[in-house]
Amino acid sequence: MSTLQTFLGVVISTLCAIVLAKLYTGTEWRIEAPLLFAVALVILASHFGAAISVASSLLAALVFAFFLFNPENSIRVVRETDRATLAWMILISVSLSYLLYPTRPGRNHGDGGERGNQNNGGNGRNPGNPG
């Protein structure tokens, strides 16, 4: 995935979190907004990947803390139920994203698994070990 796609996914999710936070500010349904947004993050993960959901859920937690929960315009969240809601949003979005849309196997994770076999003829043996 390109850096532009990664950046685009994070920006889209952050903007959606800001809009949702502004819509629910001052309403009695504000406690449900982060949980609703967790569903949106899982949908976002289907297109951009699970790693984007992790970054986006952390940014969204900051956005919701800043705009939605008291004291407003501060990332400090006073009520324990509001903090628990943010924690549940992160937990749900990250776990469901990785369960439903795991990392693609074709990506290079730097472990050298396939590359090591190419250098020694593909026999799976260590080149320094003849047997």
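This report describes the nonpolar core and the helix packing of a predicted model.

**Nonpolar core**

The largest nonpolar core comprises 22 residues, and Phe37, Phe64 and Met89 have the most contacts inside it. Helix 1 (3–24), helix 2 (33–48), helix 3 (50–67) and helix 4 (80–100) each contribute at least two residues to this core. Helix 3 gives the most, with seven residues. In soluble globular proteins, nonpolar side chains tend to be buried together.

Beyond residues up to four places away in sequence, Phe37 touches Ser13, Cys16, Ala17, Leu20, Ala60, Phe64 and Met89.

**Helix packing**

Two packed helices are described by the angle between their axes and the distance between the axes.

| Helix pair | Angle between axes | Distance between axes |
|---|---|---|
| Helix 3 and helix 4 | about 170 degrees | 9 Å |
| Helix 1 and helix 3 | about 30 degrees | 9 Å |

With an angle of about 170 degrees, which lies over the cut-off of 145, helix 3 and helix 4 are therefore roughly antiparallel to each other. On the side of helix 3, the contact is made by Ala50, Ala51, Ser53, Val54, Ser57, Leu58, Ala60, Ala61, Phe64 and Ala65. Helix 4 supplies Leu86, Met89, Ile90, Ser93, Val94, Ser97 and Tyr98. By class, this contact has 13 nonpolar, four polar and no charged residues.

For helix 1 and helix 3, the angle of about 30 degrees falls under the cut-off of 35 degrees, and helix 1 is therefore roughly parallel to helix 3. The crossing of these two helices is right-handed. Helix 1 takes part through Thr6, Gly9, Val10, Ser13, Thr14, Ala17, Ile18, Leu20, Ala21 and Lys22. The residues from helix 3 are Ile52, Ala55, Ser56, Leu59, Ala60, Val63, Phe64 and Phe67. The classes here are 12 nonpolar, five polar and one charged.

Ala60 and Phe64 of helix 3 take part in the contact with helix 4 and also in the contact with helix 1.

Ser56 is located in helix 3. Its relative accessibility is 1%, so Ser56 counts as buried, the cut-off being under 20%. Apart from neighbours within four places in sequence, Ser56 is in contact with Gly9, Val10, Ser13, Leu41 and Leu44.

Methods: Residues are numbered from 1 along each chain as its sequence is written. This is a predicted model: local features need pLDDT of at least 70, side-chain atom pairs count only at pLDDT 80 or more; totals for chains, interfaces and linings use all residues. Side-chain values use heavy atoms; hydrogens and water are left out. A nonpolar core is a set of buried Ala, Val, Leu, Ile, Met, Phe, Trp, Tyr and Cys residues joined through side-chain atoms within 4.5 Å. Buried means under 20% relative accessible area, exposed over 50%, partly exposed in between (1.4 Å probe, protein chains only). Helices (H or I, at least four residues) and strands (E, at least two) are DSSP runs, numbered from the N terminus. Contact means heavy atoms within 4.5 Å. Axes are lines fitted to C-alpha atoms, for helices over the stretch in contact, and angles run from 0 to 180 degrees between N-to-C directions. Angles under 35 degrees count as roughly parallel, over 145 as roughly antiparallel, 65 to 115 as roughly perpendicular and the rest as oblique. Ala, Val, Leu, Ile, Met, Phe, Trp, Tyr, Cys and Pro count as nonpolar, Asp, Glu, Lys and Arg as charged, and the others, Gly among them, as polar. A crossing is left-handed if the near helix is turned anticlockwise from the far one by less than a right angle, and right-handed if clockwise.
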